[in-house]
Amino acid sequence: MTDSRRRLALAVLAAGMLMNILDGSIVTVSMPAIQNDLGFSPAGLSWVVNAYLIAFGSLLLLAGRLGDLLGRTRVFVAGLALFTLASVVAGMAQTPATLVAARFAQGVGSALTAAVSLGILVTLFVRPRERASAIAVFSFTGAAGASIGQVLGGLLTDLLSWHWIFWINLPIGLATLAVAVKVLPGERGLGLRAGADVAGALLVTAGLTVGTYAVVTIERHGAGSPTTLVLGALAVTLLAAFVHRQAGAVTPLMPLRILGSRAVSGANLVQVLMVAACFAFQILVAQYLQRVVGYGAAATGLAMLPAAVVIGAVSLGVSARLNARFGERAVLLTGLALLFGVLGLLTRVPVHPNYLTDLLPVMLLAAGFGLALPALTSLGMSGASDADAGLASGLFNTTQQIGMALGVAVLSTLAAARTAGLLRAGEHEAAALTGGYHLAFAVGAALLVAAFVVAFTVLRTPSGKTDE
């Protein structure tokens with residue numbers, strides 16, 4: 001494949017990831033408008049997000065393996081087509097049920113594209129320096145795309161209507177599909193006989209579905225409620241049964257050898273901890289700006305824009321060179337240290353902040369995500385063979401979604417409980433909300449400390465090498 005065609009293929013993969021990431025964040029600032037227009041109840045409104053997360057999080061691992069078996073390009077194109085079609089339906093929705101169903105279909109399409117994207121990338125770019133640069137571009141779309149989504153969501157909602165946060169996917173999706181079928185590699189895959197473990201597929205999909213549902217409903221039921229505990233126990237049982245089956249299956253859906261790499265297993269554990277802290281940061285900061293400071297949707301997005309800019313500058317401008325010179329582990333540790341500074345500063349943010357002194361430094365330190373994510377992605381894919389690249393990609397994206405869901409559910413629940421306690425103690429609403437966010441940010445900082453410890457002790461593989 002020529003260099004120009006590979007660059008086009010990278011652009012297609014990045015565009016697909018950008019659509020997925022934008023869709024996850026663009027909705028957050030449009031929720032009040034959606035609720036007012038379609039008449040969602042407060043509890044029902046959460047399913048605009050939950051339906052997407054459940055489908056996305058539960059199907060990533062299966063989708064990644066299907067990419068290895070059926071051909072990663074076929075799975076990518078099918079997922080992108082489904083996502084684009086579901087986006088049109090979501091934008092046309094006139095009832096809550098239609099929108100929730102369309103969001104579920106979007107989640108399925110996103111899972112298919114996201115699960116195989118990294119697998120395609122690492123087979124296209126095999127030389128270490130080229131791969132590092134490609135991963136930096138790909139990671140930028142994930143790291144900065146969420147912040148861009150909040151800006152875009154606010155502007156589209158304020159200037160047009162919430163329907164356009166979904167309709168904007170149509171031209172992007174059609175253009176990406178047109179290029180994808182021409183430039184992505186046409187590999188045939190291993191065939192279903194190489195890993196058609198139907199029982200394993202049912203176990204892992206059911207386990208992840210139940211687990212994701214349990215996590216996204218923590219805020220409604222409570223972390224210690226019987227509903228959450230029963231669902232959590234059922235999810236653990238199903239996933240344990242899946243792992244047991246994979247150990248003895250003739251054609252396992254997920255060969256357990258992939259977890260034998262310290263780089264792969266360690267990177268996925270670090271990712272759960274890091275993403276849990278950082279994605280919750282993004283959601284909670286947006287809530288703080290709107291509920292405490294009083295910003296509108298567009299102003300909230302613009303206030304967070306510096307974070308997207310510095311993440312993009314670091315991801316695209318320096319991360320690949322730093323990884324090549326100092327190694328992914330050292331760059332990852334530096335990024336985690338900067339992110340700890342982000343959440344550390346947020347534990348002291350006041351009710352009436354000065355943007356330049358209280359918030360802008362936080363946004364600038366978010367550059368740490370632009371360092372950490374490309375390094376972590378390289379480590380997470382480093383121990384996978386070409387035959388397992390789709391599976392490793394699906395696994396990496398699965399742990400990312402688990403981290404996102406856990407972070408938002410747990411930290412939002414902690415913030416809400418702390419706020420309720422402060423209100424009962426006589427604090428006014430803005431101070432009580434701020435106190436709740438302070439607790440959530442402190443717990444997020446602790447998660448980053450844990451991620452740093454794991455990265456320091458487990459991820460000892462030299463840059464560009466594996467530890468199989």
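Over the face of which residue does Arg329 lie, and at what distance from the ring centre? The ring is that of Phe456, and Arg329 lies over its face at 4.9 Å from the ring centre. The points below concern a predicted model.

1. Overall composition. The protein chain contains 21 helices and zero strands. Of its 468 residues, 56% are buried. Contacts between residues at least 6 apart in sequence are joined in 84% of cases by residues at least 24 apart.

2. The largest nonpolar core. This core has 99 residues, and the members that touch the most others are Phe76, Leu121, Val270, Met274 and Leu332. Helix 13 (residues 262-293) supplies the largest share of the core, with 16 residues. Another core lies apart from it and comprises 16 residues, including Ile34, Phe40, Ala90 and Ala102.

3. Surroundings of Met274. With residues up to four places away in sequence left out of the count, Met274 touches Leu336, Leu339, Phe369, Ala372, Leu373, Leu376, Leu448 and Ala451. Met274 is also one of the residues that touch the most other members of the largest nonpolar core.

4. Thr141. This residue is placed in helix 7 (residues 128-159). Thr141 has a relative accessible area of 6%; the cut-off for a buried residue is under 20%, and Thr141 is therefore buried. Leaving out residues up to four places away in sequence, Thr141 touches Ala14, Met17, Leu18 and Ile21. For one of these, Met17, the C-alpha atom is separated from that of Thr141 by 6.5 Å, although the two residues are 124 apart along the chain.

5. Aromatic pair within helix 4. Three aromatic pairs are found in a search of the whole structure. One of them joins Tyr52 and Phe56 in a tilted arrangement, with 5.6 Å centre to centre and 50 degrees between the planes. Because Tyr52 and Phe56 are four residues apart in helix 4 (residues 47-70), about one helical turn separates them. Tyr52 is buried at a relative accessible area of 3%, and Phe56 counts as buried at 6%.

6. Aromatic pair between helices. Tyr288 and Tyr437 form an edge-to-face pair, with 6.3 Å centre to centre and 90 degrees between the planes. Tyr288 lies in helix 13 and Tyr437 in helix 21 (residues 429-458), so the pair ties together parts that are 149 residues apart in sequence. Tyr288 is buried, with a relative accessible area of 2%. Tyr437 is buried as well, with a relative accessible area of 3%.

7. Geometry of helix 9. How far apart are the end C-alpha atoms of helix 9 (residues 169-183)? They are 21 Å apart, which agrees with the span of 21 Å that its 15 residues should have at 1.5 Å a residue.

8. The buried residues in helix 9 are Asn169, Gly173, Thr176, Leu177, Ala180 and Val183. These residues are on the same side of helix 9 because they cover an arc of only 150 degrees around the axis. Pro171 and Lys182 are exposed residues carried by the face of helix 9 that is turned away from its buried side.

Key. Residues numbered from 1 in each chain as written. Predicted model: local features only at pLDDT ≥ 70, side-chain atom pairs only at ≥ 80, totals over all residues. Heavy atoms only, no water. Core = buried A, V, L, I, M, F, W, Y, C linked by side-chain atoms within 4.5 Å. Buried < 20%, exposed > 50% of the residue type's maximum accessible area, 1.4 Å probe, protein only. Helix = DSSP H or I, 4+ residues; strand = E, 2+ residues; numbered from the N terminus. Contact = heavy atoms within 4.5 Å. Phe/Tyr/Trp six-rings, centres within 6.5 Å; stacked < 30°, edge-to-face > 60°. Lys NZ or Arg CZ within 6 Å of the ring centre and 35° of its normal. Expected span 1.5 Å × (residues − 1). Arc of directions from axis to C-beta.
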